[in-house]
Amino acid sequence: MLIRYKKVYKKIAMGLLSFMPNEKDLKKLQKTMNDYVMDQDRHLFLWKEEEGIIGLMGILEDDNQVQLQHISVNPSHRDQGFGKRMVHALIDLYPKTPIISHENTIAFIEKCNLKDSSEKENENNNLLILY
């Protein structure tokens, strides 16, 4: 289940975000977290299963599109389809808005076969676009 980030989840969110290759440096990680907290156009979502929070997505939203900037799944839960479910939940949350990947998320989107050409319509008629 996709839930919105709250301050009480800060340590969990930072831990999940630190699995992103570009977020290994503590100062960079703290800046990224601060950006999500302070910028009203940036949002963090957590993925919760029965055993707890196991995933995170960070987006940048504007009037025309949603950019998937970060996606991370706890290593002990990888390769079980959670990331793909997270992206589908995001698509359901923004049914009429194109969702684009960020350079940090292109490889993940390709790995999950969520995108196999420059544009692909999903059942909600929004586009998942790679660049």
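1. **Ground rules.** Residues are numbered from 1 along each chain as its sequence is written, and side-chain values use heavy atoms, with hydrogens and water left out. As this is a predicted model, local features need pLDDT of at least 70 and side-chain atom pairs count only at pLDDT 80 or more, while totals for chains, interfaces and linings use all residues.

2. **Salt bridges.** Searching the whole structure turns up 3 salt bridges (a side-chain nitrogen of Lys or Arg within 4 Å of a carboxyl oxygen of Asp or Glu). One of them joins Lys28 to Glu23, at 3.3 Å from N to O. Glu23 is buried at 1% relative accessible area, and Lys28 is partly exposed at 37% (buried means under 20% relative accessible area, exposed over 50%, partly exposed in between, with a 1.4 Å probe and protein chains only).

3. Asp35 forms a salt bridge with Lys31, with 3.0 Å between the closest N and O atoms. Both residues belong to helix 2 (residues 26-38) and sit 4 residues apart, about one turn of the helix; helices here are DSSP runs of H or I with at least four residues, strands are runs of E with at least two, and both are numbered from the N terminus. An α-helix has 3.6 residues a turn, so residues three or four places apart point the same way. Asp35 is partly exposed, at 25%.

4. **Asp39 and Arg42.** These side chains also meet in a salt bridge, 3.3 Å from N to O. Asp39 is partly exposed at 28%, and Arg42 is partly exposed at 21%.

5. **Lining of the largest pocket.** Do look at the 19 residues lining the largest pocket, of which Ile71, Val73, Arg78, Phe108 and Lys111 lie nearest its centre. (On a 1 Å grid over the protein atoms alone, a pocket is an open set of points where a 1.4 Å probe fits, with protein on both sides within 12 Å along at least five of seven lines; lining residues have an atom within 4 Å of a point.) Strand 4 (66-73), helix 3 (82-93) and helix 4 (106-111) each contribute at least two lining residues.

6. **Helix 3.** Besides its part in that lining, helix 3 has these buried residues: Phe82, Gly83, Met86, Val87, Ala89, Leu90 and Ile91. Among the elements covering them are strand 1 (2-4), strand 2 (42-49), strand 3 (52-61) and helix 4, where contact means heavy atoms within 4.5 Å.
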